[in-house]
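Student: Could you show me how to read aromatic ring pairs in a protein model? I would like the general idea and then a case.

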Amino acid sequence: MIPAAPPLRPEQAWFTEARFGLFVHFGLYSAAARHEWVMSFEKQTAEQYARYAEVFDPDLFDARALVRAAKDAGMKYVVLTTKHHDGFALWDTAVSDWSIARTRGRDLVAELAEAVRAEGLHLGLYHSLLDWHHPDYTIDANHPRRDDADAHAQNEGRDMARYREFLHAQVRELLTGYGPVDYVFFDFTDPDDRGGWPGKHAEDWDAERLLAMVRELQPQAVVNDRLGLPGDLVTPEQYQPDEPMRDDAGELVVWEACQTLNGSWGYDRDNTRLKDPDLLVRMLVDTVSKGGNLLLNVGPDGRGAIPARDTAALAALGEWTRLHGRSITGAGPADADLAAAVAPGLPPGVVLTQRGDRLYLHLFAWPFGHVHLRGLADRVRYVQLLNDGSELRTSRTDPDQKAWNTNPGGQPAGTLTLHLPTVRPDVAVPVIELFLDPAA
Ligand code: GLC
């Protein structure tokens, strides 16, 4: 179910322009190093979990280095977990002692905001609606205390109205203390009743008032759809939509796929199920070809350093985007008529994006010799490989020509044939750039 949403306003247009962002999950769970849900998975009590607050010291968290790594990977925005479900604040909050400001005298939101601005990227703040630390947050199917013998009785002393005041106060701090915020990612509303526990709904957060607060204090900010209310975009998580996403009425919507490198958002030391760089590049291309953004996550380790394996993934993405960024940034799906015309003649594994008068062919598999583009014979001014700017020769064959010995067969009238080198360019995904003739 995807409700209709108004299109982005001009001051939000940077978002779909950007196409590629960095998600950063960092908090006490990074010290546990076994998934950001460790408190819930292991049903740790608040007292048990508090030991991470004692030792957690992000001495190697370097916001500037993090933002540079994102920028070098071709990303245009960074979204940091201000607090995750464990409730621990990464900024200097006045309404709680459960923060990095109290334990280490740091304000990582301030550090990130400054770095993001210095590097000319956009700032996104992730904020958990769930809070397993707050004494008024009611126990539910996700809560670490869900299986306590007296769990239901514990809820009698908990008061969501008081939690809401706290939630709103913290969000207000984030929206007023750190300059312009470009993106707010609330997480998450889980309305299903499960295991004898009621789900949580928009009313539990007073989501309408929370959203109104964002609109009032940061009117330009893009807001996601996890408040239990429609937002500016939808956020598929850990899957790639198989086509451009649409609302229930069939209209295209703004969407952003959030993806991990290994299935965990928080640092997960022993989890080595890494997506290889070629897959990540293909996921990025796939996303843009369907009109979405990709928000790719890294989980800094217990000291705040980006794990070497994550750095390697970002570097590999950067190697590709350095040469091919213009098929991604500011690009989107190819014009529907053009895509429909060429589709039947394309070899397998060709994925299209378009930016104005440039059409991009991403070749997931390297074809032998030729790519035939139906309907484009009179619509293309120039064709080149994007990685090295080398011209690709083009031709048309007589449609009446039959395939015979060394003669290739004629293509349908109006087909433009591209002549490819035998050797595939040595890049993760080769890209062909076509300059469309605006007059045609
Ligand atoms: C989820 C998870 C979470 C992660 C997030 C990222 O809903 O609860 O741990 O932060 O999605 O999208």
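Student: Is phenylalanine 166 buried or exposed?

Tutor: Phenylalanine 166 has a relative accessible area of 10%, so it is buried (buried means under 20% relative accessible area, exposed over 50%, partly exposed in between, with a 1.4 Å probe and protein chains only). Tyrosine 163 is buried too, at 0% relative accessibility. A word on the source: this is a predicted model, where local features need pLDDT of at least 70, side-chain atom pairs count only at pLDDT 80 or more, and totals for chains, interfaces and linings use all residues. Residues are numbered from 1 along each chain as its sequence is written, and side-chain values use heavy atoms, leaving out hydrogens and water.

Student: What describes a pair of aromatic rings?

Tutor: The distance of the centres and the angle of the planes. Rings of Phe, Tyr and Trp (its six-membered ring) pair if their centres lie within 6.5 Å; planes under 30 degrees apart are stacked, over 60 edge-to-face, and the rest tilted. Here the count comes to 22 aromatic pairs. In one of them, the rings of phenylalanine 15 and tyrosine 77 have centres 5.5 Å apart and planes at 50 degrees, so the pair is tilted. Both of these residues, phenylalanine 15 and tyrosine 77, are buried. For tyrosine 163 and phenylalanine 166, the centres are 6.1 Å apart and the planes at 40 degrees, so this pair is tilted.

Student: Which residues do ring pairs link into a cluster?

Tutor: Trp14, Phe15, Phe23, Tyr77, Tyr126, Tyr183, Phe185 and Trp265.
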